Every structure is written in structure tokens, then in C-alpha cells.
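Welcome! Here is a short tour of one protein model, with the sequence and the 3D view to follow along. Take a look before reading on.

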Amino acid sequence: MILSCHNVSKSFGENQILKQITFHINDHEHAALIGNNGAGKTTLFSIITGKLDSDSGDISIKKDASIGYLAQHQDFSSPLTVYEELLEAKKDLVKAEEHLRSMEESMKSLSGSELETLMNRYHEEMHTFDLNGGYTYKSDITGILHGLKFSDEDFNKKVATLSGGERTRLLLGRILLCEPDLILLDEPTNYLDISSVEWLESYLLNVKSAVLVVSHDRYFLNRVVNKVIEIENGTSLMYEGNYDDFIVKKDVYKKSLLAAYENQQKEIEHQKEVIATLRSFNREKSIRRADSRQKMLDKTVLIDKPVEEVSDMKLTLNPSFESGNDVLKVEGITKSYGKRTLFRNLSFEIKKGEHVAIIGKNGTGKTNILKIINNVIDADEGKCIYGSNVSIGYFDQQSEVLDLNKTIFEEISDTYPSLTNTEIRNVLAAFLFTEDNVFQKISSLSGGERGRVVLAKLMLSGANFLILDEPTNHLDMISKEVLENALNSYTGTVLYVSHDRYFINRTASRILSLHDNVMTEYLGDYDYYLEKSAQLKLETNEETFITTSTTANSEPVKDNSGKDDWKKQKEIQAEKRKLENRLSKIEEQIEKNEEIKAKAESDMLDEKIATSSVKLQEVCNLHAETENLLSELYEEWEEIEEKLSEFN
């Protein structure tokens, strides 16, 4: 066991946040800490890391265990470059490597027993250097930076010039590179696009560290964790399994609690009736029995009635009138900023009743597409054609559809002047704005609060075409479920951009993937998209999504895989054989170079060579070259083996 929390409690004034929180994390275990916003998850992390004292209870961490902590909000500065910052995490290996080079230089001027002593020490330190990843740490740094979407050009940027999100990603990279015994991650996916989150998932699945993560990304939790600790009403419960397992087990647990409560209430009522009956007999013996039963009843430990966990936010989406069958046609839109082209000649259509998600890496222009459709910005080329009777409701992640100078009440009343004050208050109460809170300025609200105001306006709009930009940002899990249920029961049309894969899986019937200026269409949910995009990657032997020529009409690429299944299988098998042949050749090269390395190490101990500085230098050079080559061969072998595992 690496971490144990026992009866940990914490209050701020009269507000008790945590009430006897108890759970444990075993070595190498991956666990999630979940709960609504304000449940105390970040507070608990601060207590575990010693930044905050608990009022009572015990935190036990395995002796000499190292901890890496990524906080949700970072105050991180450094005079180093991006690459140098991660290199700091491997400074022990850098020093060890410098010492090995120094020893190699010293060997040139030594002979006899002194040389033999130094050679023995050199081999010991070189072996330790190898075991600690000395020959791979540079490629590890590069791999982590690329995985977190730092380009080669970013490596030499000063940390001080990075944005807050970039600094958070860099700090995450440093924590992963250090490989601490326990990794604490507070909302690690907030600043990552889907491909970076997928990379992080793969990394965490292979890391030896124990992991405790706070996240609202349900898809991420399904992939990464095998235990869920939920904080609800200040107390904690622990469930084995991933997030979906937790949902099922929690439902069973809640039902068992309710059944126990109801059974106890029935038994209490029964005992009260028996006691009343005994007393009604008005006999001394019966009264003594009644008194005895009453004493037993008074000692009963009452089971609290389970509180059904529902969101206080109420959201229903109903179009005021229907649109025509053709809702939107986008023809050849292009958008550039200076020399940077986000997308070129994009075309797609949206039909009535469809729920369509646009996905893609950060910076590909997804939000710009929505803004062009909503006439917030102009396209450089192309046009958007709306169908008949289309009424648009727009959710903007930057809340630009809100007037920051107005109060919440004014924002609703000015947009919908026919509503009475009581009606406005009732609507705002459904979105958790009550009493004097309705008179807060929009400019003073948090991102989540502004999002709720926009959702309130959407609900009132009666729009039949909803265009949503990252609608789940800042929402807790229960509020996300409220939005998902509202969209799934909505009879209008939906087009949205989201990085929330669980949300996409629950609400999308079609996915448009934007990559390299081209949109590829997948007729299904996110899991279907993953399956089909993986097949397309194998067919083209690319690490990116399949693309089509932009010189012709850039209509979404239809998934017509059924016609060419036999041909695809032949191509896949051919690619697999190609990889297997390459793997066999690499293994031969590895075997050959390992023999050369072993021979060089033997020659270093040969007195005739050791006493000749020229010969010794040649052998040392050969040894170093062979080690570098072997490092490259090992890396390529691992990459090919990983690709073959995908085939299998």
C-alpha cells in the first residue's frame, strides 16, 4: 500500500468539506477521485501533499515514496527552455553520463592496476547508467514533449514565454518523466486535445507509478483507472473498476441502501404497533413487554434515508417550430490568419434531426467553423446556406454571446422582453441563480457560471438548430448528464465541437473529423469513429487520419468500407508481413551489435590493449558507437512491435 487516508476531516469555518474520508491506494494501482464541483477533491489533494493540514484523521504514505503532483492551477516559472526544463528531471543521468565521459578520458593516461581499477568502476557505473535509462532518456524527453504537443521548434522556447496551458502541459511532462512512486493529477486533461489525451492514457497505462487522478473526463477514467473513490456529501466510498463499473455498482449500492432503509422503517412501524397493542392490554406483564420492546427500539441505530443524487440544474430543450429537412449546407469555406491556413475548401451538409460532432486537434479551426456558420466571423472563401425555417441557438465557449456589462437578470430580460420578472427568476433558479445572485454582473462570473447563463438562453430560445462550442466545459459530471439527456430528447438538429469523448459517444450520431484541412465523415458515435479511423490508419500506413485530395471537391469522405473488405484485408496482411520482415532484420542487427559490444568490453580488459592509449581509444570509440546504434535499434524494434500488436 502506497497511500492510506483514514477518517480525514476538514472544515472551513462552519462549512465542513470532508467528513472522515477513508480509502487506500495500492502500489501501481490507478484510481480516480470523483465528486461534484466543490466536493473537496482539491482540498484532499492539498492535505495529501502537506500543503494543508486536516482537522482530524491520518494520512499515511509509504516510506521514502516519491510524489509527483499536478495541481489544477499552476504558478510555475522557470528561466530554462522547454527542453532544458525536462532535462532537469534527468540531471542525475546527465551527471552520470558526464562522469563516464571523464572516466574514458582518464583511461587514456593510465595503465596497469590503476587502469584495471578504473575499468572495473567504469563498467559498474555504466551498468547502473544503463539500468536507469541512460541510453534512452533523451528520446524519452522528446517522446513526452511530442506526445504533449510541443513541436521541435518549441524545444528552445523559454518557459517564461509559454501560456498557462502550455506550462501546465510541460509540468505534466516533467512529472511523467520523473516516474515518481505516486502521481497525483488534478484535471490533467483540461489543456489537452483528444490526441494528447489518448497519448496520456497510453502512457499512464504503461507507467509503474501508482496514480490518483481527479477528472471530469469520463472516457479518460474508463481507460485509465481500476478503482473509483467518490466524495459525496463530504463522505467517501470506494468502488473497484473503471467509471462505467462505478456507475453500475453505485446504483446497486444505492438501491441496497434504500431497501435497507425501507425495511427498517417497516420494522419500526411494526414494533410501534406491537408496543401500542401490548400497552392497550393494560396488563402489568404486557406493559413490561412493551417497555422492553420500546427500550430495544430506542437503541436502534437508524439508517439515514439515501439522498438521490440529482443535479439542481434543470434543462429542457424544445424547438418552437420545425425546420425543413435541409438544415445547413457548407460549400467550400476557407479560413486563414496571415500565412497560416486553418482549413481550405471545406464542404459538408447537416440534415434535420442529426446530432453531429466536429472533432480535431487544437488549432485546426473547429471553433472558427462554428463562428463562420453563425456569422460571427467571415470566411475567406465559400458560403453557408441555411434551409427553410432554421432558427439557430448558439453556445459559445468564450461567452461572446453575453454582454459583460449587463447583470444576469438583464441579459435574460433584454433578450426575452415578454417574460415577467417571476418567469425570469424561475428560469434562473433552474440554473442555480437565486435571490440577489441574479443581479451579478456577467463580467464577474466564472466560466461555468457564464456557461449556465448561455444554456438558460438556449432553453428559452426555442431554436431548432443548436450550435454548441465545448458545451461541457466547466460542468461537473451530473450536470453533463443533464445536458446529455436534454440533447438526446431534443427533436431539433445539433452541431457541436467537443473534446469530451464520453459526451460525444452519448450524443453524436455522426462525426466530422477535421485534419490537415480536410473533413472525414464517420457515420456513428465516438467508439465507431475510433474503430474505423484505426482501420484507415492501417490501410495507409500513417499515424494520422486518412485524408483526401484538396484539389478536388472537399466533400466529407464517406465510409464505404463494406465494398472493399477483401482488398483491405490483403493490404493489411501485406503491411503486417512487411513489418515482420523488418523486425526480423532488426533482431539480427541487434544480435550482431551486442556481440560487437561484448567483444569491445572484453578488449578493454585486455592488458595489451589497455596499455596502448591509441588502441584503447579505438575500442572505447567502437564501444560507444555500438551502444548508440543499439539504442536506436531497440527503439525501432519497440515501435514496430507496438504496430504489430495493433494488427494483432
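Does Gln20 count as buried or exposed? Gln20 counts as exposed, because its relative accessibility is 54% and the cut-off for exposed is over 50%. Keep in mind that this is a predicted model.

**The whole protein**

- The protein has 648 residues, and 45% of them count as buried.
- Its secondary structure consists of 20 helices and 18 strands.
- Taken along the principal axes, the C-alpha atoms fill a box of roughly 110 × 80 × 55 Å.
- Among contacts with a separation of 6 or more, 70% are between residues 24 or more positions apart.

**Helices H5 and H7**

- Helix H5 covers residues 137-147 and helix H7 covers residues 194-206; their axes come within 9 Å and cross at roughly 140 degrees.
- That angle makes H5 oblique to H7, because a pair counts as roughly antiparallel only over 145 degrees.
- On the H5 side, the contact is made by Gly143, Ile144 and Gly147.
- H7 brings Ser196, Trp199 and Tyr203 to this contact.
- Sorted by type, the residues of the contact of H5 with H7 are three nonpolar, three polar and no charged.

**Helices H12 and H14**

- Helix H12 (residues 408-415) packs with helix H14 (residues 447-461) at an angle of about 20 degrees, and their axes are 11 Å apart.
- H12 and H14 are therefore roughly parallel to each other, because the angle falls under the cut-off of 35 degrees.
- The crossing in which H12 passes H14 is right-handed.
- Ile408, Glu411, Ile412 and Thr415 are the H12 residues that make the contact.
- Their partners on H14 are Val453, Ala456, Lys457 and Leu460.
- The contact of H12 with H14 includes two charged residues, along with five nonpolar and one polar.

**Two residues with positive phi**

- Gln20 is not a glycine, yet it has a positive phi of about 55 degrees.
- You can find Gln20 in strand S2, which runs over residues 15-25.
- Lys149 is another residue other than glycine with a positive phi, here near 70 degrees.
- Look for Lys149 in the loop between H5 and helix H6 (164-178).
- With a relative accessible area of 34%, Lys149 is partly exposed, because that value lies between the cut-offs of 20% and 50%.

**Cysteines**

- How many disulfides does the structure hold? The structure holds zero disulfides.
- Cys5 is buried, because its relative accessible area is 1% and buried means under 20%.
- Cys178, at 41% relative accessibility, counts as partly exposed.

- Met296 is found in helix H10, residues 284-298.
- The relative accessible area of Met296 is 60%, so Met296 is exposed.
- Now locate Cys620, which is 324 residues from Met296 along the chain. The C-alpha atoms of Met296 and Cys620 are separated by 86 Å.

Definitions and conventions: Residues numbered from 1 in each chain as written. Predicted model: local features only at pLDDT ≥ 70, side-chain atom pairs only at ≥ 80, totals over all residues. Heavy atoms only, no water. Axes fitted to C-alpha atoms, helices over the stretch in contact; angles between N-to-C directions. Helix = DSSP H or I, 4+ residues; strand = E, 2+ residues; numbered from the N terminus. Parallel < 35°, antiparallel > 145°, perpendicular 65-115°, else oblique. Contact = heavy atoms within 4.5 Å. Nonpolar A, V, L, I, M, F, W, Y, C, P; charged D, E, K, R; others polar. Left-handed = near helix turned anticlockwise from the far one by under 90°. Disulfide = S-S within 2.5 Å. Buried < 20%, exposed > 50% of the residue type's maximum accessible area, 1.4 Å probe, protein only.
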